[in-house]
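Let's take a walk through this structure together. Have the sequence and the 3D view ready, and follow along from stop to stop.

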Amino acid sequence: RQILQSVQETANRPDSTLSSRSGVGFNLSFLSSLTVRDRWTETQKLNWQYLYTQRRRLEANWEHEKYVNFQLPHPDHLEEIHEECIYTIQHSGKYLVSGSRDRTLRIWDLDTRRLVRDPLRGHRGSVLCLQFDADPSEDLIVSGSSDSTVILWKFSTGQILQTLKNAHKESVLNVRFDHRILVTCSKDKTIKIFIRKPLHPGELGYPETQNGIR
């Protein structure tokens, strides 16, 4: 049995936060400083000086050990622990999702350090990779397993939306998605690209036509 550990950076952070589309939390002062207006074009552009300063502050915090260690689950609730070793994690905003050799995914609330809901069960093998987006516009977890399948889960409920059976001939080692595509790779030495929405003529990936026939 292995306790999942994480690290929380403790630089100056205002209490007010927003969630970006990807689910990553940003404080309000960060959002207001992230862009600047170009005086010549009157358009917004990234404030690279501010980004560099924030990056240097983060690096300095690590160098001077200005962080706090904590473990998941909370020591008072060790019954929520994974039953076997952990192979994959992703942290975004207030959530962290983990996948394990025990064939489950677990969604953690970093504020309470407890499970958000019961473990997600559906894979018949170890969970080797995952990606999630908690934003309501996506509300999605994608996981890959040594059982050669890929499962799409609804983040907010844990419901299985779709199972790609035999997505590969061997273990699925990594998954990545955006609003257009899902990409997977495997021990079988292949990479597969799945289209997540209908394609229309002229769009990238739409089958070429010849004499008007697809």
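This is a predicted model: local features need pLDDT of at least 70, side-chain atom pairs count only at pLDDT 80 or more; totals for chains, interfaces and linings use all residues.

Residues are numbered from 1 along each chain as its sequence is written, and side-chain values use heavy atoms, with hydrogens and water left out.

Let's start with the backbone. Leucine 72 and proline 73 are joined by a cis peptide bond, with omega at about 0°. Proline 73 sits in the loop between β6 (67-72) and β7 (86-92); strands here are DSSP runs of E, at least two residues long, numbered from the N terminus. Next comes arginine 103, which isn't a glycine and yet has a positive phi of about 75°. You'll find arginine 103 in the loop between β8 (95-100) and β9 (104-109). Serine 148 also isn't a glycine, and its phi is positive too, near 75°. Look for serine 148 in the loop between β13 (140-145) and β14 (150-154).

Are these two residues buried or exposed? Arginine 103 is partly exposed, with a relative accessible area of 45%, while serine 148 is buried at 9%. (Buried means under 20% relative accessible area, exposed means over 50%, and partly exposed is in between, using a 1.4 Å probe and protein chains only.)

Threonine 184 is buried, at 1% relative accessibility. Leaving aside neighbours within four places in sequence, threonine 184 is in contact (heavy atoms within 4.5 Å) with several residues, including Val150, Val172 and Phe194.

On to charges. Side chains of opposite charge can pair when their charged atoms come close. The whole structure holds 10 salt bridges, each a side-chain nitrogen of Lys or Arg within 4 Å of a carboxyl oxygen of Asp or Glu. One of them links lysine 94 to aspartate 109, with the closest N and O atoms 3.2 Å apart. Lysine 94 is in the loop between β7 and β8 and aspartate 109 in strand β9, so this pair ties together parts 15 residues apart in sequence. Lysine 94 is partly exposed at 36%, whereas aspartate 109 is buried at 12%.

Another salt bridge brings together aspartate 102 and arginine 106 (3.4 Å, N to O). Here aspartate 102 is buried at 10%, and arginine 106 is buried at 3%.

Technical notes:
Helices (H or I, at least four residues) and strands (E, at least two) are DSSP runs, numbered from the N terminus.
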